[in-house]
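My notes follow in the order I looked things up.

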Amino acid sequence: MSRTLDHLLDQNVVWASEKRRHDPTYFLRMAEHQTPQYLWIGCSDSRVTANDVLRLDPGEVFVHRNIANIVHTSDLNILSVLEFAIEHLAVRHIIVCGHYGCSGVRRALGGDRGAMLDHWLQPITMLYRKHKPKFDAIGDEAARLDRMCEINVEMQVRRIAATPIVENAWARGQELHLHGWLYAIHDGLLMDLGPHLSSTEERDALPSIDARVIDPAEPVSAMRRQAIDAFTRLPPDAMEGLACPLPAASHRLTCAEGC
Ligand SMILES: [Zn+2]
């Protein structure tokens, strides 16, 4: 077995050459500065890469990733990223993006407690234990995991909103919007879960995370939103005979039209 990674270095040469061929000034522009509008806080899962799922080029999204996209308010790594993104890059949007089927969240719901990882996952574990009857009432294990992935995103958005870094940005009038999203690996679609927060007032008006466990928000994908918008614009009699535009493969989507 080779001790070097020549195949990856070879792929890098191909990639850089293709980039230059399609856009001769690409790397010159990249070398000048970065001006991302977005900070992405996502899971380390190798299948959920921000630039790919957002269809953005390098330089367009600032990224922090860790297992299960958790915001520990004592984590110097994420706090440094947050401060740099807000105060130096002046990003306008912070996206906390989890994903369905997250192995980190799955472990937090299990009984293993022997690894450092279990300390990391403790916020999810604690929320699960607090509401165990509610979560366990979801009989299907996969559905329970999905639900926990959703509530975890909501919890982390709230934690971001509670940091002094974000509070100070809002206090000085800086435009900064927080978003909670979920990525569905099985169809490649992002779901908008919320909450959407742009001020301390909006944050403080939120129902508690415990209330959200009882009354969950329904994730909405861009594709579903487009479908709802399309149907909304149609007169009622135009609905007859129309095929549902929602992807049949997406088990998470429930058509608003009931078809
Ligand atoms: Zn994950």
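I started with E3 and E4, which pair in the parallel sense over 7 bridges. This is a predicted model.

Strand E1, residues 38-43, pairs with E3 in the parallel sense over 5 bridges. Here I noted Tyr-38, whose bridge partner in E3 is His-93.

I then asked how far E3 is enclosed. I found 6 of its 7 residues buried, so the rest of the structure largely encloses E3.

**Whole sheet**

What is the order of the strands? I read E2-E1-E3-E4-E5-E6, an open sheet of 6 strands. The pairing is mixed. I traced an antiparallel pair to E5 (residues 189-192) and E6, joined over 2 bridges. In that pair I picked out Asp-192, which has Val-220 of E6 as its bridge partner.

Which strands stand at the edges? I found E2 (61-66) and E6 (220-221) there. Each has a single partner strand, so one side of each is left without a neighbour in the sheet.

I kept one general point beside this entry: strands of a sheet pair through backbone hydrogen bonds, either parallel or antiparallel.

**Helix H9**

I moved on to H9, residues 141-161. The helix lies across E3 (93-99) and E4 (177-184). I read its angle to E4 as about 160°.

Is H9 mostly covered or mostly open? I counted it as mostly covered, with 15 of its 21 residues buried.

I also checked its length. At 1.5 Å a residue, the 21 residues of H9 should span 30 Å. The end C-alpha atoms are 31 Å apart, which agrees.

**Chain as a whole**

I logged 13 helices and 6 strands. Buried residues make up 26% of the 259 residues. I then looked at contacts with a separation of 6 or more: residues 24 or more positions apart account for 68% of them.

**Confidence**

The chain averages 89, and 90% of the residues score at least 70. Where does pLDDT stay under 50? I found that stretch at residues 248-259. For these residues the model has 17 contacts beyond four places in sequence.

Technical notes:
Residues are numbered from 1 along each chain as its sequence is written. This is a predicted model: local features need pLDDT of at least 70, side-chain atom pairs count only at pLDDT 80 or more; totals for chains, interfaces and linings use all residues. Helices (H or I, at least four residues) and strands (E, at least two) are DSSP runs, numbered from the N terminus. A residue is buried if 20 or more other C-beta atoms lie within 10 Å of its own, exposed if 12 or fewer, and partly exposed in between; C-beta atoms are placed from the backbone. Two residues are in contact if their C-beta atoms, placed from the backbone, lie within 7 Å. Two strands pair if DSSP finds at least two bridges between them. Axes are lines fitted to C-alpha atoms, for helices over the stretch in contact, and angles run from 0 to 180 degrees between N-to-C directions. pLDDT is the predictor's confidence in each residue, from 0 to 100. The expected span of a helix is 1.5 Å times one less than its number of residues.
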